[in-house]
Structures are given as C-alpha cells and as structure tokens.
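Keep the 3D view open as you read.

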Amino acid sequence: MSAESMLRIEGLRKNYGAVAALQGVDIEVRRGEVMGLIGPNGSGKSTLFDCCTGLQRSDAGRVLLKGVDITGWPMNRIAREGRFLRSFQKTVVFPTLDSEENLVLAGQMSRFPNVLSTFWVGPSARKRIQALRERAKELIEVTGLARVAHLPAGHMSGGQQKLLQFASMLMPEPELILLDEPLAGINPVLIEKVIQCIEHANKELGVTFVVIEHNTDVLMNLSHRVVVLHQGAKLADATPEEVVRNPEVIEAYLGG
Amino acid sequence: MKQAILSTTTLDTPRMPATRVAAVNWSACAAGVAALLCAPLFLGDYYLHAMVLAMIFLLPALGLNLILGYTGMLSLAQGVFFGLGAYASALMSIHFGTPFLVNFIVAGLVAGLVALPLGIPALRLRDTSFVMCTLGMVVIAQMVSKNWIDLTRGDMGLSGVARPRLGFGDWVYTVIKAPEYFYLVLALAALAVAAFVALIRSPAGRCMVAIRDNETLAESLGVPTWTYKLLVFMLSAVFAGLGGSLYAHFSTVVSPLVFQAYYSNTILIIVLGGGVGKVPGAIIGSFVFVAVSEALRITPELRMVIYGFVLLGLVFLFPQGLAPLFQRAAERIAGIGKGPRDVR
C-alpha cells in the first residue's frame with residue numbers, strides 16, 4: 001500500500017440481475033489529486049460511487065480508505081469517520097432549510113461526539129453550533145450565495161443548489177469528495193464558479209477529488225489523472241493528455 | 001401527503017422582521033397562557049372537563065407531530081402507546097398504590113421502552129409499509145388488552161384508579177375538583193410543550209428535519225438516520241404514554257376502549273388539522289378538535305356525521321391546518337401581514 005493512497009478499490013463487482021454494472025474494477029486515488037472519471041452512459045461510474053460510499057453493497061471486492069477496509073460500512077459512518085463525502089447526479093439539498101441551516105446540518109455530525117449529545121441544548125451545544133454558523137457564513141460568501149441565502153434551498157435555482165451542495169460537503173472538513181456530474185445543467189458563469197471552488201478546496205484545503213463529468217474539456221483541464229470506464233471495466237488510467245490520444249477511449253467515448 | 005408536509009413545515013426560526021414576528025408570537029403565547037390560567041374563573045365544570053381532555057390529547061399529539069411533522073414518518077401507533085401509558089399507570093396505582101407522579105413517569109418510560117423492540121423491525125420499513133406496520137400494532141394492542149384477562153381484566157377494564165395525590169412529606173393533597181385537575185394538567189402539558197420545543201430546537205431537531213427532507217442526503221452527510229428514527233419513535237411513544245397516564249388518573253377507569261381507532265384518529269386529526277410540523281399546530285388542534293367533538297354532543301345522532309363534514313370542510317379550506325391561520329391573524333394584528341411571506 002502506497003503511503004500516498006487515499007482510496008484503493010480492489011476487484012469491485014456489482015450486478016443488477018443479469019447486467020454486470022462493475023466487472024472487477026481496480027482503481028487507486030492518491031492523496032491530494034483531482035481524478036477524473038469518464039465513460040459512456042451506463043459504464044458503471046455512478047455505481048462505482050454508490051458502492052464506495054456505502055449507498056449500495058458490492059457483490060465482491062474491497063474498498064480501502066487510507067488503508068482501512070470500509071467495505072460494508074454504512075454510508076453515514078463512511079462520511080463521519082472517514083471524512084469521505086459524495087454528491088449526487090441529481091442535485092439534492094434540504095428544501096425546507098435555508099442555506100445556513102443546510103450547511104450547519106452538513107457539519108453537525110463531525111462536531112458532536114455521538115447521537116445522544118445532539119439532543120442537548122446546553123451552552124456547549126450552542127457553542128458548537130455557533131462555530132458551524134461562522135463557517136457556514138464564510139462558505140456562503142465564498143460560493144456567492146449571500147443574495148439568496150435567506151431563501152429555503154428548495155426555492156433556489158438549480159445552479160445555486162449545486163453550489164450549496166458543494167459547500168455542504170466542505171462543512172465537515174472532508175479529506176475525499178466524489179463529485180457526480182457537478183457541472184451538469186448549469187450556465188457558463190456558474191461552471192466557472194464551481195471549478196474555482198473545486199480548485200480552491202483542492203489546493204487550499206488539501207481535499208482529494210474524484211470527479212465524474214461529461215464536459216470533457218473542463219474535466220481534462222481540472223484533473224491530474226483520468227480513469228475511463230467502459231461496460232463496467234477499466235479501459236484506461238493515465239494523464240489527461242494520454243487519455244485524449246488513446247484510440248480505445250476515442251472509439252468508446254470521446255468519438256473522432 | 002409528503003409534499004404537503006415539505007411545503008408547510010417550519011424550524012420555528014422566522015426570518016421576516018424577526019423582532020416583530022417574535023414579539024407577536026410571544027404576545028400571542030402570553031395571551032393564550034393568561035386565558036388558560038383565568039379559564040376556571042369563567043368556565044363551568046363541563047367546559048373545564050373538555051379542556052382537560054384537550055390538554056391530555058395534546059401530549060400524544062406532540063409525539064405525533066415530532067415523528068410525522070419533523071421526521072416525516074406517519075405512525076398510527078400513538079394510540080397504542082397512549083393506551084399502554086394508561087394501563088401502566090392504572091396497574092401501578094391499583095396494585096402498588098404508588099403516587100401519581102411516579103405513575104406518570106413510569107407510564108412514559110414503559111411506553112418508550114415498549115417502542116424500542118417494536119421500532120427496531122418497524123423502522124426497517126418505509127412509507128406505506130411503515131404505516132401498515134403501525135396499524136398492525138393497534139390491532140395487536142386491542143387483542144392483547146381484551147384477552148390478557150389476568151392483567152387487564154379484559155373488557156371489564158381496570159376501575160378505581162386513584163385520583164392524583166400530590167404532596168411533600170406529611171402534606172398530601174388529592175386532586176378531585178375540576179379546576180384542580182385543570183391546573184395540574186395545564187402545568188404538565190406546558191412542561192411537555194417546553195420539552196417538545198427544546199427537542200426540535202436542539203441539533204437533533206435539525207437532523208430530524210433533514211431526514212424528513214431527504215433521508216439519503218442526510219445519511220451521506222454522516223447522519224445515522226436509522227438511529228435518529230428509532231429515538232424519535234421512542235420519544236413520540238413517551239409523549240403518548242405520559243398522556244395515557246393523565247387520562248387514566250382523570251377518568252379513573254381504563255378499558256380496551258383506549259386502544260380503539262377513535263383515539264388514534266383523534267390524535268391524527270389534531271396534528272393534521274392543527275398544522276403538521278408546526279409548534280402551535282398540535283396545541284391549536286387539540287383545543288379546537290376536542291372542543292368541536294364535545295360541542296356536537298348536543299346532537300348525539302348526528303354528532304359523528306357533522307364532525308366528519310367539519311373535517312372535510314377544514315381540509316378543503318385550510319389544507320395546511322389551522323396554525324397558519326392563527327399566525328396570519330396575529331401578524332395582521334401587529335400590522336405585518338403585507339410583506340413577502342417566508343415559508344419557514
């Protein structure tokens with residue numbers, strides 16, 4: 001095991017009935033990098049995210065986070081103890097809460113020692129929540145959501161919700177984030193904003209990223225390394241420059 | 001139903017001219033408390049009796065508001081825990097002669113502890129399957145209370161539950177008269193409301209709303225959703241059990257009738273009609289719906305028919321319950337009503 005390994009996926013398999021979504025995938029993500037994950041629709045990218053983060057159980061294989069086997073851990077434990085978070089393809093926020101409440105909630109479980117302590121409303125709990133509010137306000141400024149911060153998140157635009165979702169994942173001081181199509185369905189100005197946020201979190205906060213994205217131009221600029229999945233198997237694992245010249249990748253995904 | 005819940009619930013931290021809204025809310029609250037404190041000076045025993053019933057039903061309604069309004073799970077088992085609390089209190093009082101406050105606390109604990117083994121399998125289910133499971137609990141509770149004759153005396157029920165006795169040392173006071181009951185139940189109901197507000201304003205309350213809004217997202221951010229749902233199920237049972245204890249010591253008789261659908265329905269109507277996911281919802285609901293039910297006793301034959309039509313009318317006229325209506329009235333009185341409304 002490399003000392004730099006953040007996430008190691010070994011022989012991951014997942015079947016949906018007769019369909020093999022993942023056919024024994026091996027991937028290693030190194031600490032501090034931004035790794036792109038591309039492939040045609042149905043190639044198993046989102047399933048890979050689901051199996052790594054505990055949303056779905058894999059049929060075979062192991063997932064190691066910083067050398068610890070997290071296979072079979074529930075999703076909440078992976079997020080809380082592993083500081084390993086993910087976004088979803090369809091943007092999701094807590095619609096009845098405003099931005100600040102969304103962000104406080106996102107950071108809450110990392111600030112309280114256990115579930116029972118969250119039922120306490122004494123001064124220590126208030127102090128913890130106040131610290132989270134300060135951090136939430138900073139992130140609202142950084143993501144440019146101040147103008148709509150008072151709105152319930154369900155009333156915000158799709159792009160604004162995407163930024164809020166991204167900010168939520170930064171609240172628990174994560175070490176690894178998996179982003180599932182962070183740029184889908186948002187306008188060019190907001191695309192620039194999301195990219196800035198990812199680069200800021202990667203360089204300033206040291207967060208490692210794995211990014212699924214069909215906007216290959218942006219992804220190739222953003223990523224240090226790119227893995228290509230095709231029909232549930234790894235087709236390529238190389239630098240962006242090498243991947244765009246790979247004939248198999250061009251045939252299966254990028255096109256001529 | 002889920003969509004209706006999402007669009008109407010609140011974390012009770014209003015944003016709009018915050019100080020004025022807070023002033024209005026606190027004034028309305030103070031006026032309500034003052035009116036309740038003065039009620040025995042103006043109302044006869046019959047009306048006080050109805051108000052005591054309303055406050056007793058407020059407790060299981062608070063529990064249902066917690067699990068349905070704040071956590072997004074419809075549980076029909078509140079009637080079960082209400083009945084369990086009533087039986088626990090009655091058995092303690094009859095067999096051991098324990099004081100009221102001990103029975104009251106034990107009833108809450110028994111209901112909460114019984115909810116643990118019931119909740120563990122039930123909370124593996126979601127949506128309508130969970131609702132059906134809680135409905136099954138009601139049927140089982142009815143059967144057990146009718147057939148475990150050695151303990152419950154079956155359909156004959158348990159009679160002779162002691163009137164609440166309060167005391168310190170040699171000084172003991174037995175609560176017998178209607179105004180005395182009224183103040184005792186008012187004090188305990190006020191404590192229950194305070195506990196409810198503390199719960200939903202705690203960090204755990206935020207987790208409950210997160211589970212209601214999007215359980216998978218909450219889980220992905222580290223919230224152990226299943227544990228929270230189990231704890232909320234148990235807490236809602238504690239509220240119901242405490243209500244059941246008050247009922248047992250108020251009526252002095254407990255029979256399998258406490259498990260009948262009427263009680264579960266009343267609790268559900270109080271919460272949905274009052275305003276689900278809102279602090280004042282269950283409070284307003286308990287007084288309005290128990291009052292309507294009692295007022296209709298003047299026409300016994302048509303009572304339930306008219307009650308049904310009243311409910312239908314309310315659903316069509318105020319689909320979000322009565323609480324927003326009261327809130328708007330209070331804001332209008334304070335001259336706030338015109339600005340953009342905040343859904344929280």
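## Two helices side by side

In this predicted model, helix H3 (residues 45–70) of chain B and helix H8 (residues 178–201) of chain B have axes that come within 9 Å and cross at roughly 15 degrees. Angles under 35 degrees count as roughly parallel, so H3(B) is roughly parallel to H8(B). As for the hand of the crossing between H3(B) and H8(B), it's left-handed.

Which residues make this contact? On the H3(B) side they include B:Leu48, B:Val52, B:Met55, B:Leu59 and B:Tyr70. From H8(B), among them are B:Pro179, B:Phe182, B:Val185, B:Ala189 and B:Phe196. Sort the contact of H3(B) with H8(B) by class and you get 22 nonpolar, one polar and one charged residues.

## The two chains

Now zoom out. Here are some values for each chain.

| Property | Chain A | Chain B |
|---|---|---|
| Secondary structure | nine helices, ten strands | 15 helices, four strands |
| Radius of gyration | 19 Å | 20 Å |
| Span of the C-alpha atoms along the principal axes | about 60 × 40 × 35 Å | roughly 60 × 50 × 50 Å |
| Buried residues | 45% of 256 residues | 47% of 344 residues |

In chain A, take the contacts between residues at least 6 apart in sequence: 68% of them join residues at least 24 apart. In chain B, among contacts with a separation of 6 or more, residues 24 or more positions apart account for 77%.

## Where the chains touch

How many residues of chain B are in contact with chain A? There are 27 of them, and they meet 31 residues of chain A. On the chain B side, H8, helix H9 (203–213), helix H10 (215–220) and helix H11 (225–251) each supply at least two residues. H9(B) gives the most, with seven residues. By class, the side of chain B that touches chain A has 14 nonpolar, seven polar and six charged residues.

## Two residues of chain A

Let's finish with a couple of single residues. A:Ile129 sits in helix H4 of chain A. Is A:Ile129 buried or exposed? It has 21 C-beta neighbours inside 10 Å, so A:Ile129 counts as buried. Leaving out residues up to four places away in sequence, A:Ile129 touches A:Val104 and B:Pro203. A:Ser58 is 71 residues from A:Ile129 along the chain, and their C-alpha atoms are separated by 36 Å.

A:Gly154 is in the loop between helix H4 (123–142) and helix H5 (158–170) of chain A. With 16 C-beta neighbours inside 10 Å, A:Gly154 counts as partly exposed. Again not counting residues up to four places away in sequence, A:Gly154 touches A:Pro95 and A:Thr96. The C-alpha atoms of A:Gly154 and A:Ser99 are separated by 9.9 Å, and these two residues are 55 residues apart along the chain.

How values were computed:
Residues are numbered from 1 along each chain as its sequence is written. Chains are lettered from A and ligands numbered from 1 in the order in which they are written. This is a predicted model: local features need pLDDT of at least 70, side-chain atom pairs count only at pLDDT 80 or more; totals for chains, interfaces and linings use all residues. Axes are lines fitted to C-alpha atoms, for helices over the stretch in contact, and angles run from 0 to 180 degrees between N-to-C directions. Angles under 35 degrees count as roughly parallel, over 145 as roughly antiparallel, 65 to 115 as roughly perpendicular and the rest as oblique. A crossing is left-handed if the near helix is turned anticlockwise from the far one by less than a right angle, and right-handed if clockwise. Two residues are in contact if their C-beta atoms, placed from the backbone, lie within 7 Å. Ala, Val, Leu, Ile, Met, Phe, Trp, Tyr, Cys and Pro count as nonpolar, Asp, Glu, Lys and Arg as charged, and the others, Gly among them, as polar. The radius of gyration is taken over C-alpha atoms; the globule rule is 2.2 Å times the number of residues to the power 0.38. A residue is buried if 20 or more other C-beta atoms lie within 10 Å of its own, exposed if 12 or fewer, and partly exposed in between; C-beta atoms are placed from the backbone.
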